[in-house]
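Dear colleague,

Please keep it open while you read.

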Amino acid sequence: MGNHSDGSPQSGGAVATAGQTEKFADPGLPPHRLRLADTDPRAAKRAERQVTILFIVSVIGTVVFLVSYFAIDLGSDSTISTIRLQNILLGVGTAFAMLGIGTGIVHWAKALMPDHEVSESRHPVRSEEDRAAAVKIVDDIIEETGIKRRPLIRNTLIGAMALAPLPALAVFGDLGPNAGDRLRHTMWAPKDGKKIRLTRDPDGTPIKASDVTIGSAFHVIPEGLNDLTEGKLNEKAKSVVLLMRLNPADLHISAGRETWSYNGIVAYSKICTHVGCPVALYEQQTHHLLCPCHQSTFDLTHECAVIFGPASRPLPQLPIEVDAEGYLVATSDFHESVGPSYWEREYS
């Protein structure tokens, strides 16, 4: 029978047997292929200009970030369009700042730095010789990058890297001051003994209990919100509420919340307890509230308990009643902080 170890039935070549190892010749490295920049000085100069332009793009991106961060004032009276404009400029500036540096370094390495493949044999580590070899490696790297003989690339790279950390340092300024207990309170708390009416968003007209039919849903803001001249957006972000009416028999009310609703009318914070997106979708048949951002789902019949998604706790309920004129009013503020969890909150 022929030997099939090499695919040939008549092969008479050497075969590895027990205790023997067949040796193969080292094929070595493949032939080095020169790049266009290695043979054409004009191509090398063109690549150098391209790398420089990419580093300049990074510098421009950082400048755009800083200008938009400091020049666009987000005061208490800022509009949504102003906030949107600043967010766009911050994102574009950051993208070009990081993209310019990254792409420039990659293009520099691929087009201008030496690309010869080398192989080195491992050798025992000797302290003095190893340190000397390490110094030589660093010197070789600096020499191979060509940074000494290409000052245009060197200077633009230094400028881009010097400016790159500034956006991060600027953002640190938004970490303070400490919010204190401002996140725990909203405009729903009674003022001077007067209870706050529930009004339609955005026109601010008050809502009567008779206006709320079974299956209907209202987007609600506190009375007086539209009259604010400062901090309106911040107050609205904490105070927006969803108002719905169900058959009272469908509600599963826990002890202590018997007076928080009125004839099947319930009000819950519109701010998702996951990351703060608006919970704006109401499914009448199942009585489920859905957050469109990450699909957290809350069961309205069980006090907005979480039944699906990443949210960790129910939506806070706003206690309501009807005043002498038939309008819906909040009897108190929320009994827990609205919105996503944060490290100081007292609630899980």
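R42 is exposed, with a relative accessible area of 65%, where exposed means over 50%, buried under 20% and partly exposed in between, using a 1.4 Å probe and protein chains only. Its side chain meets that of D40 in a salt bridge at 3.7 Å, N to O; the term stands for a side-chain nitrogen of Lys or Arg within 4 Å of a carboxyl oxygen of Asp or Glu. By this rule there are 11 salt bridges.

This is a predicted model, in which local features need pLDDT of at least 70 and side-chain atom pairs count only at pLDDT 80 or more, while totals for chains, interfaces and linings use all residues. Residues are numbered from 1 along each chain as its sequence is written, and side-chain values use heavy atoms, leaving out hydrogens and water.

R313 and E336 also form a salt bridge, with their closest N and O atoms 2.6 Å apart. The two lie 23 residues apart, R313 in the loop between β8 and β9 and E336 in the segment after β10, where strands (E, at least two residues) and helices (H or I, at least four) are DSSP runs numbered from the N terminus. R313 counts as buried at 3% relative accessibility, and E336 is buried at 19%.

Finally, 6 strands form an open sheet in the order β4-β3-β2-β1-β10-β9, with antiparallel pairing; two strands pair if DSSP finds at least two bridges between them. The edge strands, β4 (265-269) and β9 (320-322), each pair on one side only.

Best wishes
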